[in-house]
Amino acid sequence: MSEHNVRAITVNQIGYPAGGRKIALFTGGVHKYRVLDAGTGVSVFSGETSAALADKSSGANVHAGDFSAVTAPGRYFIEAENGTGSAEFVIGERPYGELQKGLLKAFYFYRCGAELSGEYAGPWGHAACHLAEGTVIGQPGVKLDSSGGWHDAGDYGKYSGPGAKAVADLLLAFEWYPAAFSDAFTLPESDGKTPDVLLECKVELDWLFKMQETVSGGVYHKLTTAGFPGLDVMPEDDTGELFFSPVSAAATGDFAGVMAMAARVYKPWDGEYAARCLGAAESAWRWLELHTEEPGFTNPPEITTGEYGDNVDHDERFWAAAELYRTTGEEVYHQAVQTLARQLFPKFALGWADMGGYGTLAYLLTGKEQTDEGLYRTLQEGLLEEADRLVAVSEQDGYRISLREEDYIWGSNMLVMNNAMLLLAAERFSGNLSYADCALDHLHYLLGRNVLDISYVTGYGDRPVRHPHHRPSVGDGVEEPVPGLVSGGPDRGLHDEYVREHLEGRPAAQCFADHELSYSTNEVTIYWNSPAVFVAARFNGETGR
Ligand code: G3I
Ligand code: 9MR
Ligand code: ZN
């Protein structure tokens, strides 16, 4: 393996909760090591690493140094006998507070249609963008308001399904870990009452309303220019014509799911808004009932932006039905859940293409009393089995995460965080805290405890991603990238020219380039940020480890 970009001792570059397990991962020979106070240089712990594990995914021999015994809050680093060191990190009661805020604030930076002013955006502000009406493909002469929402990613497209996944993660995080969202993080709309996370999600929900066809209730799959603009084009300079791509069943199912969820979550804060969300969800559901056999979405010939193709819509329908049932208690939706559950699709996946896991969570959260005993049990047992599989893979993995070699795909960091979410769901439905330990190991990986010793979150950690494939970060003339963005992470498929040229033959977990040209490994998206917010919120909002 290439030693030049690999530091021999990797840690979560943000830090570790004081009461929890603390492990650093080493490569190279067996190490005696010490934990030192970063301020005073005083050694507070010394230990020896465990036997090496030959890790296929990363191509490294990895051994673990367990310094859980260090519990005093402070700032530390690790030094091995041979003089190599680790990044500095903190040990504290709630070490991920700032991280969670940053991950959430990223959604503000993704906003479309409004000026990002210096007051809220610091040096990363820009003028309002994408205010023109969009042309509806297939309906010549029809132009509709398309403004608002969040840009998807490093590009400026806005895609209904991926947007719904992002909102779903944030609303679920708020439902499960409300205490983690009690600090306001200063948005223009902050009113000192409504949690900022709800204000931020409203930006996307308000845009999603515009993606629904008023008469039919169907939802346009996406809203983009015909092609991607150049990499240094700022949002306000991206003035090509905007197009609504046709309605799809996947987008309509996702829309119904997230709107039904919003109807429930916003109710205590804004009853009128909640009712509007529910109405929109019900009308999307009516479309789904009238369109039971729909082809999967493919890009219209004139459109070359992200396709988000999806041939299977049982999962999105399942989510919609489960969420509508949880919110309304109406029997028709319960019937639909039970019928859809008989279809074959992944029941524990959390998107963007496979959304069945959200349906499963909604059904389980409806509660035993209100649900079918057999289906409830099947889903609950299945969830715990899947979580056990993730734990088993993590136990065999050098960097202690649940990705097998073949799981290092485009956006592998989403899988890392989705799997952590699933582990936290298992914690919730079993009460077993060891699932949370495994989930936390996944957060450690994201923040630097990985073979490349890189924090995959811009602006966070001692060696963060610096050159994401993110048009504003490339085009704004500010040296530092927009902060708080989660990079896609290693993709062994080498799906862009830059990585094909530079990373041929690397082990899966090293197939990553912190270069702005590598869109297949180093782009950023809203739905890679959202599960990371969820995971960080768990470790900010709950006590227990
Ligand atoms: O699921 C298969 C898996 O079975 C197989 O083993 C593996 C081998 O490569 O591939 C997996 O499919 C991958 C799929 O993502 C998984 O979600 C495809 O190879 C891969 O090409 C595909 O990448 C998607 C990419 O667009 C290209 O279509 C990403 O998921 C998706 O996040 C990304 O989305 C783009 C938008 O189009 C445009 N905006 C930016 C955004 C992020 O890059
Ligand atoms: O910049 C585009 C990025 O946002 C997309 O996720 C990615 C995959 O669809 O495509 C990027 O655009 C590239 C295009 O696909 C091929 N030519 C180079 C473009 C990047 O500058
Ligand atoms: Zn915009």
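A: One term before we start: two strands pair if DSSP finds at least two bridges between them. Also, this is a predicted model.

Q: Okay. How many bridges do strand β3 and strand β7 pair over?
A: Five, in the antiparallel sense. Strand β3 covers residues 23–27, and strand β7 covers residues 60–66.

Q: Which residue in β7 is the bridge partner of Ala24?
A: Gly65 is the bridge partner of Ala24.

Q: What holds strands of a sheet together in pairs?
A: Backbone hydrogen bonds, and the pairing is either parallel or antiparallel.

Q: What's the order of the four strands in the open sheet?
A: The order is β1-β3-β7-β6, with antiparallel pairing. β1 (9–10) and β6 (53–55) each have a single partner strand, so one side of each is left without a neighbour in the sheet.

Q: New topic: ligand 2. Which residues are around ligand 2?
A: Asp155, Phe228, Trp410, His469, Arg471, Tyr519 and Glu523. That shell divides into three nonpolar, one polar and three charged residues.

Q: Where does an oxygen atom of ligand 2 lie relative to the side chain of Glu523?
A: It is 2.5 Å from an N or O atom of the Glu523 side chain. For Arg471, a side-chain N or O atom is 2.7 Å from an oxygen atom of ligand 2. For His469, a polar side-chain atom lies 2.6 Å from a ligand 2 oxygen atom.

Q: How much of the accessible area of ligand 2 does the protein cover?
A: The protein covers 61% of the 460 Å² that ligand 2 has on its own.

Q: And what kind of space does ligand 2 take?
A: The largest pocket.

Methods. Residues are numbered from 1 along each chain as its sequence is written. Chains are lettered from A and ligands numbered from 1 in the order in which they are written. This is a predicted model: local features need pLDDT of at least 70, side-chain atom pairs count only at pLDDT 80 or more; totals for chains, interfaces and linings use all residues. Side-chain values use heavy atoms; hydrogens and water are left out. A residue is near a molecule or strand if one of its heavy atoms lies within 4 Å of it. A polar contact is a pair of N or O atoms within 3.5 Å; within protein, one must be able to donate a hydrogen and the other to accept it, and residues adjacent in sequence count only if both atoms are side-chain atoms. Accessible areas come from the Shrake-Rupley method with a 1.4 Å probe; for residues, only the protein chains shown count as cover. On a 1 Å grid over the protein atoms alone, a cavity is a set of points where a 1.4 Å probe fits but cannot get out, and a pocket is an open set with protein on both sides within 12 Å along at least five of seven lines; lining residues have an atom within 4 Å of a point. A molecule sits in a cavity or pocket if more than half of its atoms lie within 2 Å of its grid points. Ala, Val, Leu, Ile, Met, Phe, Trp, Tyr, Cys and Pro count as nonpolar, Asp, Glu, Lys and Arg as charged, and the others, Gly among them, as polar. Helices (H or I, at least four residues) and strands (E, at least two) are DSSP runs, numbered from the N terminus.
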